[in-house]
Amino acid sequence: MEFDETQQAMEGVIRDFCQREIEPCILEIEAGRRSTFDLMRKMSDALDMESLVTSGAIADPAVPAILAKELARVSPGFALAVISNFGCGATILTRGSPGLVERCGIPVLSLKKTGCWALTESESGSDAFALKTTARFEGDEVVLNGSKAFSSNAPEAEVLLIYARLAGGGQGDKRQIFPVVVERGTPGLETGPPLEKFGMHASPTGDIFLDDVRVPRENFLGDPDRPARDAAEQTLSGERVVIVAMCLGVIERCLEEAVTHAIQRVQFGKPIAAFQITQQKLGRMYVVHENVRNSLFELIRAQKAGELTERKVSAAKWYATEEAANTALDAMQIMGGAGYLREHVPERLFRDIKLWTIGGGTSEIQQLTIAKDLLRQHGFSIDLAGGYRAKNDTAAS
Ligand SMILES: Cc1cc2nc3c(=O)[nH]c(=O)nc-3n(C[C@H](O)[C@H](O)[C@H](O)COP(=O)(O)OP(=O)(O)OC[C@H]3O[C@@H](n4cnc5c(N)ncnc54)[C@H](O)[C@@H]3O)c2cc1C
């Protein structure tokens with residue numbers, strides 16, 4: 001399968017922007033001397049993101065996938081900043097009132113305002129819905145209390161999408177999880193400084209604190225009378241598809257860098273590409289590239305057809321993220337000492353892409369999710385907390 005003609009043209013335009021505008025200054029961005037978000041706004045204008053949003057073109061899953069792939073070829077950290085905006089903006093666009101869509105949804109999705117989405121808390125990571133942050137109704141307002149951990153873009157976000165448990169729904173009720181929009185400047189809202197981390201330096205990560213934060217009723221995106229956490233599940237599922245696209249970008253670029261280096265670098269009087277052990281690595285990288293590419297197209301097809309299953313997404317995310325990290329390491333190895341230097345691309349791509357074996361649901365959680373779905377078909381139910389119930393079994397563990 002291939003991207004269609006229009007999508008290939010878009011791929012070319014985005015690649016050109018990334019090479020011209022992002023790649024030359026990525027080391028300065030990573031060092032904090034230039035702002036990711038200034039460049040993101042420049043990208044918004046250059047690609048006319050607002051038209052992509054208002055025309056509805058962005059709803060085609062191929063569009064965010066192409067953007068994520070092309071950005072990740074240069075900087076998965078920059079791509080993370082962009083997809084975090086998407087996670088926030090898309091939820092507001094599909095669930096918000098017309099006023100909220102106009103003020104927050106469109107500007108965030110078209111990358112004119114910075115957004116973040118915050119589900120994780122200090123005590124709920126893999127157990128993603130065991131939230132302590134609460135939302136309660138008071139007259140025409142919603143009051144939020146709690147805190148969020150590890151939120152991408154949070155230190156600079158102007159629009160924060162906070163997932164909260166409906167107060168009164170019972171402590172530990174994991175079904176009543178709703179997104180609530182909070183704008184920077186709202187009394188009681190604070191964000192922490194950027195956390196120091198291994199990679200993804202182009203995307204600041206931080207904590208969020210909510211102390212009696214009051215927002216209008218319309219900022220609560222859902223029906224409190226219908227227990228639901230579908231908004232969070234949809235965002236996670238959509239995020240996992242663009243993560244696979246980011247992995248494809250990293251694999252593509254690492255393969256290109258490794259082939260070029262292997263042909264140019266001479267040792268023992270021969271290009272290192274002449275050594276079969278180098279060829280074996282290149283062969284393995286190519287196979288991974290083909291698998292991840294095919295898997296991305298299948299996810300895009302299934303998403304368009306409304307056939308995306310948890311199992312499919314988890315399998316693709318697990319394979320792509322583990323193998324993208326391995327492929328970046330292979331490229332570093334082929335490049336020898338040069339591969340270990342910051343000035344060469346695979347070093348950055350490895351640091352960044354490693355996040356995705358953890359963020360958006362760890363590799364272990366993806367494996368459990370696949371097994372849960374497989375076993376259910378055979379009448380054997382498990383949950384992620386280790387509980388199980390076999391067919392006709394009355395005593396569950
Ligand atoms: C740079 C960065 C950016 C992030 N951005 C965001 C964001 O924008 N929004 C957001 O909401 N979150 C974000 N996160 C949070 C991220 O999604 C979580 O870190 C991730 O889901 C893992 O949660 P945890 O860190 O609490 O790990 P834990 O849940 O504590 O897991 C620790 C280990 O235990 C394993 N484990 C846990 N449960 C099980 C089980 N049942 N069976 C087997 N093994 C298990 C895990 O696989 C892992 O290896 C971000 C994280 C980072 C590092």
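The legends below describe close-up views of a predicted model, with residues numbered from 1 along each chain.

**View 1. The shell of residues around the ligand.** In this predicted model, the ligand is surrounded by 20 residues, and the closest of them are T120, S126, F150, T362 and L384. Sorted by class, the shell consists of 8 nonpolar, 10 polar and 2 charged residues. Three elements, namely β1 (115–118), β3 (141–152) and α13 (363–376), each contribute at least two residues to this shell, and β3 gives the most, with 3 residues.

View 2. A nitrogen atom of the ligand has a backbone N or O atom of W117 at 3.0 Å, and a backbone N or O atom of F150 lies 2.9 Å from a nitrogen atom of the ligand. On the oxygen side, a polar backbone atom of L119 is 2.8 Å from an oxygen atom of the ligand. The ligand taken alone would expose 980 Å², and the protein buries 67% of that area.

**View 3. The nonpolar cores.** The largest nonpolar core contains 77 residues, and those with the most contacts inside it are I22, M43, L71 and F78. Helix α8, which covers residues 230–264, provides the largest share of this core, with 14 residues. When its neighbours within four places in sequence are left aside, L71 is in contact with C18, I22, M43, P76, F78, A79 and V82.

**View 4. Helix α7 and the residue L111 that comes after the helix.** In helix α7 (residues 98–109), the buried residues are L100, V101, C104, G105, I106, P107, V108 and L109. Among the elements that cover these buried residues are α4 (49–54), α6 (76–95), β1, β4 (159–166) and β5 (177–183). L111 follows α7 and is found in the loop between α7 and β1. Most residues other than glycine have a negative phi, whereas phi of L111 is positive, near 70 degrees. L111 counts as buried because its relative accessible area is 0%.

**View 5. Helix α12 and the elements that cover it.** Helix α12 (residues 345–353) is largely enclosed by the rest of the structure, because 9 of its 9 residues are buried. These buried residues are V345, P346, E347, R348, L349, F350, R351, D352 and I353. The cover over them includes α2 (26–30), α5 (62–74), α6, α8, α10 (310–334) and α11 (336–339).

View 6. T186 is located in the loop between β5 and β6 (189–191). T186 counts as buried because its relative accessibility is 16%, which is under the 20% cut-off. A polar atom of the T186 side chain lies 2.5 Å from the backbone oxygen of E183. Apart from its neighbours within four places in sequence, T186 is in contact with V213, R214 and V215.

**View 7. F268 in the loop between β8 and β9.** F268 is found in the loop that joins β8 (266–267) and β9 (270–271). Phi of F268 is near 55 degrees, a positive value in a residue other than glycine. F268 counts as exposed because its relative accessibility is 80%, which is over the 50% cut-off.

Key: Side-chain values use heavy atoms; hydrogens and water are left out. A residue is near a molecule or strand if one of its heavy atoms lies within 4 Å of it. A polar contact is a pair of N or O atoms within 3.5 Å; within protein, one must be able to donate a hydrogen and the other to accept it, and residues adjacent in sequence count only if both atoms are side-chain atoms. Accessible areas come from the Shrake-Rupley method with a 1.4 Å probe; for residues, only the protein chains shown count as cover. Helices (H or I, at least four residues) and strands (E, at least two) are DSSP runs, numbered from the N terminus. Ala, Val, Leu, Ile, Met, Phe, Trp, Tyr, Cys and Pro count as nonpolar, Asp, Glu, Lys and Arg as charged, and the others, Gly among them, as polar. A nonpolar core is a set of buried Ala, Val, Leu, Ile, Met, Phe, Trp, Tyr and Cys residues joined through side-chain atoms within 4.5 Å. Buried means under 20% relative accessible area, exposed over 50%, partly exposed in between (1.4 Å probe, protein chains only). Contact means heavy atoms within 4.5 Å.
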